[in-house]
Amino acid sequence: MIYTVTFNPALDYVVHLKRCRMGEVNRSDAEEIQFGGKGINVSVVLHRLGVENTALGFLAGFTGKALEEELRRSGICADFIWLAEGLTRINVKIRAQEETEINGCGPRIDELALATLLSRLDRLQSGDILVLSGSVPPSMPGDIYRRILAGLEGQGVRFVVDASRDLLTETLAYHPFLIKPNRTELEEICGRRLHSDRELWDAAAELQCRGAGNVLVSMAGEGSLLLDETGSCHRLAAPRGVVRNSVGAGDSMVAGFLAGYLERGDYLYAHRLGVAAGSATAFCDGLATGEEIRALLAEISV
């Protein structure tokens, strides 16, 4: 079973307009509500690719109820912890001449709620996969990723970590199965600019030497690079298409990689399905469907 954890889920209120002018009244051409958070995005795309999974995390208030109800209507198994106070955040995504985001801070997660999550994670069994992705709220310990992996060490659970800086590097000692930094995050971790494929490969190898199994580096329109746990390096170009949305593309790539690996046990195929999933979402207004991802897979070449 795959489990995803979203510490700070959100309702994304997406507003489309031709131009956004600060200090003026702006009227939208269209709007929509999307239900997300990085771990939830992974769960949704996994489900659309036919992979059973359970979404974990924290919810609060009427916005949390709306999010949980939508996930259940979509057929996604959810096992959230309810907070007594606050509201699951609302993020405003403005799609105008450029993308602008206003993200809410979310509710406070107290020690009892955190202890409840850790107790549920203790139930994971050998062969399960745990996906940790995104930032953590200010009310939570800054080393929570490390604490979770330390608590599950030696139980045969495979870890996937999609985070930046210390959140990611502190987990390397626990040998995550997959990490997915983007190019900027990889440069921040390594402390230098990475210009060539060889430099990207070397930087990924440094993280592998520190404990990571598979290092998947996403680079938006420049494609992606995978250094797998056997030492093989795969470089894939991004397929052609009109980018309409960047939200959830990286999460879709993680979901596609996991779905591909579970389907065939082949890292190159997992990488290709990951790129197809990430690109398909980038070409859509929301998260891509399984049909859209599979249709794009044929265009992904080494």
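In the predicted model, an open sheet is formed by 4 strands, arranged in the order β3-β2-β6-β7 with mixed pairing. From one strand to the next, the twist averages 20°. Strands of a sheet pair through backbone hydrogen bonds, in either a parallel or an antiparallel arrangement. For strand β2 (residues 10–16) and β3, the sense is antiparallel, and the pairing extends over 7 bridges. Within this pair of strands, V14 stands opposite E32 in β3.

A helix is found against part of the sheet. Helix α2 (residues 61–73) lies across β2, β3 and β6 (89–95).

Two packed helices are described by the angle between their axes and by the distance between the axes. Helix α3 (residues 111–121) packs with helix α4 (residues 144–152) at an angle of about 35°, and their axes are 10 Å apart. The crossing in which α3 passes α4 is right-handed. On the α3 side, the contact is made by L114, L118 and L121; α4 contributes I144, R147, I148 and L152. Sorted by class, the residues in the contact of α3 with α4 comprise 6 nonpolar and 1 charged, with no polar residues.

Conventions: Residues are numbered from 1 along each chain as its sequence is written. This is a predicted model: local features need pLDDT of at least 70, side-chain atom pairs count only at pLDDT 80 or more; totals for chains, interfaces and linings use all residues. Side-chain values use heavy atoms; hydrogens and water are left out. Axes are lines fitted to C-alpha atoms, for helices over the stretch in contact, and angles run from 0 to 180 degrees between N-to-C directions. Helices (H or I, at least four residues) and strands (E, at least two) are DSSP runs, numbered from the N terminus. A crossing is left-handed if the near helix is turned anticlockwise from the far one by less than a right angle, and right-handed if clockwise. Contact means heavy atoms within 4.5 Å. Ala, Val, Leu, Ile, Met, Phe, Trp, Tyr, Cys and Pro count as nonpolar, Asp, Glu, Lys and Arg as charged, and the others, Gly among them, as polar. Two strands pair if DSSP finds at least two bridges between them.
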